[in-house]
Amino acid sequence: MAPKKKTNTEDYLRMYRQMVRIRAFEDNANQLYLSAKMPGLTHMYSGQEAVAVGICEALEDSDKITSTHRGHGHCVAKGAEFRQMFCELLGKAEGYCRGKGGSMHIADQSHGNLGANAIVGGSMGIATGAALSAKRLGTKDVAVCFFGDGATAQGLWYEVMNMAALWKLPVIYACENNGYSEYTKTDEIAAGSLTARAEAFGIEAHSVDGQDVLAVNELAQKLVARARKGEGPFFIELQTYRYHGHHVGDINRDYYRSRDEEAEWKTARDPITNFGKWLEAEGIMTADELVAINDEIKADAKAAVEYALDAAYPPSGEVDMHVFAGVDHALSYV
Amino acid sequence: MSREITLSKAVNEAIAEEMRRDPTIFLIGEDVAEAGTPFKVLSGLVEEFGPERIIDTPISEPGFMGLAVGAAMTGSRPIVDLMFGDFLFLVMDQLCNQAAKTHYMSGGKLNVPLVLRTNLGATRRSAAQHSQSLHALVAHIPGLKVALPSSAYEAKGLLKTAIRDDNPVVIFEDKLMYNDKAPVPEEEYLIPFGKAAVRREGRDITLVATSSMVQVALATADLLDRDGISAEVIDPRTIVPLDEETIIASVRKTSRAIVIDEGHQNFGITGEIASRISEKAFYHLDAPVMRMGAMHVPVPFSPALEDLTVPTPEAVAENARLSVRGELFHAA
């Protein structure tokens, strides 16, 4: 863990809580899938919590993020509530998107989350455009574009990095390198280094341990402040690991990664366990206090799941609503 | 007060007027600033609004389209200039997977108020990658509105409406009409979406024609007039939304219809409109509804071949005569 003075107790506790909340959310989402209570499928963020939390804790509410198919962590970290999130995952009317988006499109515009995206790399233009908007309108907002190592193979990224660098846009490209592009080791499909790709556009690039929430947060705070002053864009490669498969149904994955490798990350490099140990060692929290936080959050998640399971589906009349802004029902319009 | 201006000037005026009214509007695309586009449609705008609002981009269509989507979601109202309609294939993910679906997927919480200006039209001897009329592709995708101006008057009024719309709108200008003049009022006006224009009244047959094909339909009506056949010409002006009511009312009156559009005939706009006529005016029809779109071939370069691929007044008139005389038979 990065050395840190014990003056930010509230910040530390919020970061710990947010990481635990993400893990609890995902554990419940996984159970909903395994028990066939959730329609469709989903992609677990477990293992990568320090990335979303470390970065989002450096952002203001009005700052924008774009998220990915593996997006629950970003959504929680940017301020979303369990109830509306579980409702969205279950396709219920009280979901953030009234059940129209689901896991892969969850968005929470009230906290600046412009949405998860089911096209790998699909939101790179959106985040860069949000930064262009912020610069033009003078809002001082910063945009963070979350994407995985797999998305670095998309051409769109190079087009928008070029424009972001040319126009000094307040955008931070946050690449969560979990080592796998879906079911393939990224080492097998990526030439050269990822940081060098950003540097080729004259973009300042950083690499950080994505399992260390304090290291991530410290870097993010510096870069967000600089981006706000017009010194962007920036690129961060965050070394991290996804505990589950590509999606919840990707159970048998011995053919592309070893169980030993998974066990090593889970036991030695878990971002929550390690941060909890640090909080104890620094005398900020006792083991009992941490357990109490975990239990409280688990209970919250369980209650939210129960609420969402009982919540109503959207009425059938909503199927052609929200196709066009300003048009109540698209079918009587087109 | 009316005066005659070119379609190009009408587009330029629409953008300038809207940009003066609303500082959140900016225009982005390739060679839009000093160059004013290859068609010189945007000349003078960068001098008035500066490079911060008339933004020249690298040749990165998916990139600047994506930027526009994100900007539109966060308080800006971008106008994207896509140099040729053929480049739509390059921006399809950002337009159809992102812009078109964002409002719906967010349950109505996020808006994408952007305009994609591009063009259509063959017979410019530009071959298969600079001549396509691809509006059917985008009209197929829920969440996108599609406008097809047929003159300078429509180009200005529809573009101003598009810029004020809170949804993604794709507007196709006929690149062969940029220098064509038409009466355009000095005073401000808007043309609402989903309101067709009856360009010529008639009794015997309805010609539903879009964009470049409105001129063809009007010329057809002149030819038919000599044969004593009275043709009504309907210009839908927008295909999403489509003013079905005006089209159906016309066909119920004339009992015959030909739908003419410069997109490929197969699986295209002509089929969609013909099908709606058949469904909603079937018992009023005295002849099968005909489709006349571009030939189902890539647009050829050679003028001798290219001219064969687009409906002409002579070809439309010939089909109209067969329809009116009751000589259109099913192939079987």
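**Helix α1 of chain A.** I checked the length of α1(A), residues 9–34, in this predicted model. I took helices as DSSP runs of H or I with at least four residues, numbered from the N terminus. After α1(A) I found A36(A), with a positive phi near 60°.

**Conventions.** I numbered residues from 1 along each chain as its sequence is written, with chains lettered from A and ligands numbered from 1 in the order in which they are written. As the model is predicted, local features need pLDDT of at least 70 and side-chain atom pairs count only at pLDDT 80 or more, while totals for chains, interfaces and linings use all residues.

**Chain contact.** I counted residues in contact (C-beta atoms, placed from the backbone, within 7 Å): 39 from chain B and 38 from chain A. On the chain B side, α3 (61–72) and α4 (88–105) each supply at least two residues.

**Nonpolar core.** Of its 198 residues, V144(A), I172(A) and L207(B) touch the most other members. Its largest share, eleven residues, comes from α1(A). I also listed the contacts of I172(A), leaving out residues up to four places away in sequence; among them are V142(A), V144(A), L223(A) and F234(A).

Note on methods: Two residues are in contact if their C-beta atoms, placed from the backbone, lie within 7 Å. The expected span of a helix is 1.5 Å times one less than its number of residues. A nonpolar core is a set of buried Ala, Val, Leu, Ile, Met, Phe, Trp, Tyr and Cys residues joined through C-beta atoms within 7 Å. A residue is buried if 20 or more other C-beta atoms lie within 10 Å of its own, exposed if 12 or fewer, and partly exposed in between; C-beta atoms are placed from the backbone.
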